[in-house]
2 protein chains.
Amino acid sequence: VNVLIVHAHPEPKSFCAAMRDVAVATFGAEHSVTVSDLYAMGFNPVSSGADFLDRADPDYLVYALEQRNASASRSFAPDIQAELDKLLAADLVILNFPIYWFSVPAILKGWIERVFVSGLCFGGRRFYDRGGLKGKKGMLAFSLGGQAHMFGEQGVHGPLDRMLAHIEQGTFAYVGMDVLPFFAAFHVPYVSQEDREEMLLRYRAHLLGLSEMPLRRFPSLDAFDRNLRPLAADPDGSACAGC
Amino acid sequence: VNVLIVHAHPEPKSFCAAMRDVAVATFGAEHSVTVSDLYAMGFNPVSSGADFLDRADPDYLVYALEQRNASASRSFAPDIQAELDKLLAADLVILNFPIYWFSVPAILKGWIERVFVSGLCFGGRRFYDRGGLKGKKGMLAFSLGGQAHMFGEQGVHGPLDRMLAHIEQGTFAYVGMDVLPFFAAFHVPYVSQEDREEMLLRYRAHLLGLSEMPLRRFPSLDAFDRNLRPLAADPDGSACAGC
C-alpha cells in the first residue's frame, strides 16, 4: 500500500506535525509512505495560467479546460506534476492539517486546486462513484481548538461533517475516492502534554483500525439521469444525495 | 455605506470579473466601494510567522495567539494591515469568486485566514452573535459550472448552503456578521452570451433588493452556557445550532 500524507502546518514542532510523525511510524514498517510537507516545500497554492507549460488558449484562462489539455499533453508546471505523480501512485491519501475556518489551510486548499486536475481526476460525467480516482481512499486528520461537545446536532457549530462536506464529499468523494472516518484532535492548544500523548495513541489506534471501519456513504450517479436529475426510481432521495 | 468587494479570479476578463463590475456600478453611485482584486494584487495567501512584525513567541508559532498579540500592538505585516483597515471600514463585505471545490479559491481562503484576525474579529467568547464584526454584513457572489437542479435535498450534491456552511456560518456568522443571501451564477462556462447578460441583470436586481431580503439565521450564544454546552432551556436545539 502506498500512503501519501499531505501535511500543512506553519509550525514544524506543532502537535499536527506529531500526528504526521505518528502516521509515518505506524505505516512505515509495512507500507511505502510519502510525505508532502507543504510549508517546508514552500508550495505555491495560487492557481493561475502559469500552471500550464503549453496553454490551449493563451488569451483566456478557463482553469479546468487547461487542466484537461495539460492532462492529455502532460504539460503541467513541474511542481504540479511532482505532486500529481505522488497522488496517482497513492492508495491512501491523508490530509493532515490544523482546522482554519472550518476547512483546510489555504496552502492545502491550493494543493487540491492545482493537483486534483480535471482530466485525470474527474471531468465530464466522471465524478462521485465514476470519478477518476476510484479505488483510492482518502482521510482527514486534523487538530482544532474546539471541543467535541461544540459539534453535533445540538452543538453550537452543528455537525462537524456538515462543516467538512466540501472536502469529504465535494473533494474526496467527488473524484471517486472512498472516504475513511476522519480523526479529530480536539482542544489541542488548551490541553496538557499528557492529554496530547493520549490523543497521539488514539490516532495510532485509529490508523491501525482503518481496515475495519465502515466507509462513509456518498452520492452515486446511478440514482441520476445523464442530466444529473434524480431518477424516478429514487423519489425519496434514498441514494443519499447530500448524505 | 462602505462596500468592500474581495474579488478572486485568475482571468481578468472572466464572468466573475463582470459580476464584480456590476456590483461596483450598482453601489458606486450612492456608496463608497473598495475592491481588493487578489490576483491583480499578487496577494500572498499563506499564513506564516512572517505575518507578524513582532512575535510574542519567536520560537513556537501559534497563529491565533500571534494575531491577538498583533491586534493589541498593531504589528501586522503591511499587506495584512492594509486589508484589515478595509475590512474594519466596511459595512458590507462581498466575496466575489468562482467556486473551486465547493469553496473559495485558495487565494481568497488565505485572505480570510490572514485578515479575519483573532483579537479584533473574534476571540475568547466573542464569536457568533458576540463576534467582533457585529454590525457588518457579508454576502457571497459566485460563479460555478454546476446547474441549480444539482443542488438541494434531492440534488446530486445536496444543499448548496450545506457545502458553503464553512464560509457562511463558520466565517461570516462566526465573526458576528449578518449573512445576506448569496448570489449564484450557475453553469457559467456552458451558457450563451445572452444568458450571461441576463444573469448579470439578475445580479444587479439581487444587489438592489438586499435591504428587503431576510437575513440567514445562525447560532446564538444565548442558547449555550459558558462552556458552550446547550442550555437546558433549549433542549430541542431550537436555537438553531447548525441551522
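The following dialogue sets values from a predicted two-chain model against the definitions behind them.

Mentor: In this predicted model, local features need pLDDT of at least 70 and side-chain atom pairs count only at pLDDT 80 or more, whereas totals for chains, interfaces and linings use all residues. Residues are numbered from 1 along each chain as its sequence is written, chains are lettered from A and ligands numbered from 1 in the order in which they are written, and side-chain values use heavy atoms, with hydrogens and water left out.

Trainee: How do you know how many residues of chain B are in contact with chain A?

Mentor: Contact means heavy atoms within 4.5 Å. By that rule, 64 residues of chain B meet 64 residues of chain A.

Trainee: What makes up the area that chain B and chain A bury between them?

Mentor: Buried area is the accessible area (1.4 Å probe) that two parts lose on being put together, summed over both. For chain B and chain A this comes to about 5,000 Å², with 61% of it on carbon and sulfur atoms. On the side of chain B, the three residues B:Trp101, B:Val156 and B:Arg162 supply 18% of the area buried against chain A, more than any other three residues.

Trainee: Which polar links does the rule find across the interface of chain B and chain A?

Mentor: A polar contact is a pair of N or O atoms within 3.5 Å; within protein, one must be able to donate a hydrogen and the other to accept it, and residues adjacent in sequence count only if both atoms are side-chain atoms. Across this interface there are 23 residue pairs in polar contact, both residues at pLDDT 80 or more. The number of salt bridges across the interface is 0. The side of chain B that touches chain A divides into 35 nonpolar, 17 polar and 12 charged residues; Ala, Val, Leu, Ile, Met, Phe, Trp, Tyr, Cys and Pro count as nonpolar, Asp, Glu, Lys and Arg as charged, and the others, Gly among them, as polar.

Trainee: Why is A:His149 called buried?

Mentor: Buried means under 20% relative accessible area, exposed over 50%, and partly exposed in between (1.4 Å probe, protein chains only). A:His149 has a relative accessible area of 18%, so it is classed as buried. Its contacts, not counting residues up to four places away in sequence, are A:Gly155, B:Asn227, B:Leu228 and B:Arg229. The side chains of A:His149 and B:Arg229 are joined by a polar contact of 3.5 Å.

Trainee: Why is the link between A:Lys109 and A:Glu113 called a salt bridge?

Mentor: A salt bridge is a side-chain nitrogen of Lys or Arg within 4 Å of a carboxyl oxygen of Asp or Glu. The closest N and O atoms of A:Lys109 and A:Glu113 are 2.6 Å apart, so the pair qualifies. Both residues lie in helix α5 (residues 106–115) of chain A, 4 residues apart, about one turn of the helix; helices (H or I, at least four residues) and strands (E, at least two) are DSSP runs, numbered from the N terminus. A:Lys109 is buried at 3% relative accessibility, and A:Glu113 is buried with a relative accessible area of 3%.

Trainee: How do you know that A:Asp161 and A:Arg216 form a salt bridge?

Mentor: Their closest N and O atoms are 3.7 Å apart, so the pair meets the definition. This pair links distant parts of the chain, with A:Asp161 in helix α6 and A:Arg216 in the segment after α8 (193–208) of chain A, 55 residues apart. A:Asp161 is partly exposed at 33% relative accessibility, as is A:Arg216 with a relative accessible area of 25%.
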